[in-house]
Amino acid sequence: MMKDNKSTIKNPMSRGDSFEHKKGAVKEKNSKDGDIMALAKKDVISIPPTMSIQKASELMIAHGFRRLPITDPGSGKILGIVTAMDILDFLGGGSKFNIIEKKHNDNFLAAINDPIRSIMTSDVVTMSHKDSVTEAVKVMLDHKIGSIPVLDDEEKIVGIITERDFALSMAGLLTDEIVQDVMITDVLTTTPGTPIESSTKIMVRNNLRRIPVVSGDKLVGIITSTDILKFLGDKEMFSNMTSNSGLDVLNMKISEIMQPNISIIEPLTRLGDLCDLFKEKNIGGAPVVKDDKLVGIITERDILNTILKD
């Protein structure tokens, strides 16, 4: 059912630089593998530390990734990871904005050509191919991270496991739990006139990858880390820039890049059906609406918490 340009699930109770693509890194299941390898993606794309921030962003968008492992081109060992949150931090959300503001004296075009190692997370949380899915869930929740590279005995990447992998694996299975039991009700929102820089601050400081956008009491869209990544990788936008100033670029209003046509969910929806929606729409979260009023938000991480409790 479509409503206000938003796709809705009704109450289901009534129902340039080189990068490395390690395809098929694990040809067969090793008898010593833990069950983490049954769920982990084995076609892992990693990038060198010299790739530019802009090219890394473009690669993430092209493949629909929210993170990329960074590996040593010689040894293949992991050096770091860059996530959507690292890039939001760079775009004004946190201390990495100093690369634009101080290192490059507000020259945005120069800053986005900095090597990705300047914003990557070096202290990477990893797991062994011998570990279990349950251990992976606990580590993600304990560290509040959305993915974990999986390493072999030589400390080379053989897979990566994400919150999304867990959520999609639960599609159709979580039939007892409903959205209102696990959704977040204290929802941070923003308005269409918010600058990109301010929205990145909200996301980074609160560890959020999406924020509902409201006008008055009405939900009018959602801004996500992916929207901001697409903005950074928009070649047409850069060709039309009239200024190199980072502050000028980041003062653009989120109304110009937010998603107005969003998927919304009702409180009594079963979590299994919600996972189906995430898979169908390729999204990681959805606002929860009742009687045309925003009452919560639910994400892959909330589903992860439910899996661990069970």
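**View 1. Gly-64 follows helix 2 and has a positive phi, near 70°.** Helix 2 covers residues 53-63, where helices are DSSP runs (H or I, at least four residues) numbered from the N terminus. Its buried residues are Ile-53, Gln-54, Ala-56, Ser-57, Leu-59 and Met-60; buried means under 20% relative accessible area (1.4 Å probe, protein chains only). A note on what you are looking at: this is a predicted model, in which local features need pLDDT of at least 70, side-chain atom pairs count only at pLDDT 80 or more, and totals for chains, interfaces and linings use all residues. Residues are numbered from 1 along each chain as its sequence is written, and side-chain values use heavy atoms, with hydrogens and water left out.

**View 2. The largest nonpolar core holds 39 residues.** Such a core is a set of buried Ala, Val, Leu, Ile, Met, Phe, Trp, Tyr and Cys residues joined through side-chain atoms within 4.5 Å. Ile-47, Phe-90 and Ile-223 touch the most other members. Helix 3 (residues 84-93) gives the largest share, six residues. Elsewhere, a second, separate core of 17 residues includes Val-182, Leu-271, Leu-274 and Ile-298.

**View 3. Here are the contacts of Ile-223.** Beyond its neighbours within four places in sequence, Ile-223 is in contact (heavy atoms within 4.5 Å) with residues including Thr-190, Met-203, Arg-209, Ile-254 and Met-258.

**View 4. Asp-291 and Asp-292 sit in the loop between strand 13 and strand 14.** Strands (E, at least two residues) are also DSSP runs; these two span 285-290 and 293-299. Asp-291 has a positive phi of about 50°, and Asp-292 one of about 65°, although neither is a glycine. Asp-291 counts as exposed because its relative accessibility is 70%, the cut-off being over 50%.
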